[in-house]
Amino acid sequence: MRFLVDLHTHTNASQHAYSTIKEYFEAASDKGIAMFATTDHGPDLQDGCHPWHFGNLGAIPHIVDKIALLRGVECNIRAGGSIDLENSYLKRLDIVLAGFHESLEPSTKDKHTAILLHLIEAGKVDIITHLGNPRYPFDHEQVLACAKEHNVAIELNGSSGINTRQGSHPNCVEIAKLAAKMGNVIALGSDAHSCYRLGDFRAAEKVLEEAGIGYDHIINTSPIKVLDFLEARGHEPIESLRNFFTPF
């Protein structure tokens with residue numbers, strides 16, 4: 001595996017996804033994934049999870065059968081740049097993703113840009129997901145410059161253009177090229193909605209190839225790189241994972 005970490009997955013706690021968390025752990029072991037983030041949808045989606053789901057993710061160990069887990073969420077971006085999970089729940093999580101979803105009616109390029117700038121500056125979100133979605137155009141340079149300043153990662157999504165968000169690929173390539181030029185943190189997420197897609201980055205790898213980006217620019221190549229990024233973002237160190245990946 002070139003990429004040992006998958007930072008964007010959905011279990012059947014989101015009703016349009018199809019696998020249990022146990023099945024994801026089993027798939028990770030089979031596929032050579034060392035760590036994955038469970039990031040079910042926030043409550044603004046029609047079948048998104050209740051906030052209590054995220055408040056109780058501590059019930060799942062950080063390490064199961066030698067596979068590491070990050071407890072997280074993929075929030076829905078709201079008009080104005082807020083997200084659909086309160087701080088009291090966010091602070092219990094290891095990683096926070098957010099993206100544009102059907103819960104927000106598409107608007108203009110200028111409005112989407114303003115929303116993303118406010119989202120980034122608020123400091124609550126670690127990774128912005130599937131930015132290539134053509135339904136939500138934005139000013140790439142403004143948003144990526146703001147993300148660089150605030151150390152927010154840009155996701156290259158493994159599902160965009162495959163079974164959702166058709167027409168994303170050209171935008172993804174443009175965003176990836178600009179992110180590499182500007183020095184943004186780049187993360188990959190399979191956006192798996194079943195365990196069979198865990199670690200499936202083929203669409204994202206195609207973007208990387210066309211954008212001329214080496215794998216060393218991607219934080220998913222190492223669990224330690226991901227943990228370093230999250231701590232730089234202000235998350236508390238997860239000592240069990242630190243000790244697991246740096247035993248000596």
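1. A friendly place to start is D44, which is partly exposed at a relative accessible area of 30%. This is a predicted model, and the points below follow its charged pairs. D44 meets R78 in a salt bridge between their side chains, at 2.7 Å from N to O. R78 sits in the loop between β4 (67–76) and α3 (87–90), while D44 belongs to the loop between β2 (35–41) and α2 (51–55), so the contact ties together parts that are 34 residues apart in sequence. R78 also counts as partly exposed, with 32% relative accessibility.

2. Next comes a pair with buried partners. D126 and R233 form a salt bridge in which the closest N and O atoms are 2.9 Å apart. Distant parts of the chain are linked here: D126 is in the loop between α4 (109–122) and β6 (127–128), R233 is in the loop between α8 (223–232) and α9 (239–245), and the two are 107 residues apart. D126 is buried, with a relative accessible area of 1%, and R233 counts as buried at 16%.

3. Do have a look at E205 and R2 as well, whose side chains meet in a salt bridge at 2.9 Å, N to O. Because E205 lies in helix α7 (residues 202–211) and R2 in the segment before β1 (5–6), this pair ties together parts that are 203 residues apart in sequence. E205 is buried: its relative accessible area is 18%, and the cut-off for buried is under 20%.

4. Finally, the wider tally. Searching the whole structure gives 8 salt bridges. R197, D200 and R202 are joined in a network of such contacts.

Notes. Residues numbered from 1 in each chain as written. Predicted model: local features only at pLDDT ≥ 70, side-chain atom pairs only at ≥ 80, totals over all residues. Heavy atoms only, no water. Salt bridge = Lys/Arg side-chain N within 4 Å of Asp/Glu carboxyl O. Helix = DSSP H or I, 4+ residues; strand = E, 2+ residues; numbered from the N terminus. Buried < 20%, exposed > 50% of the residue type's maximum accessible area, 1.4 Å probe, protein only.
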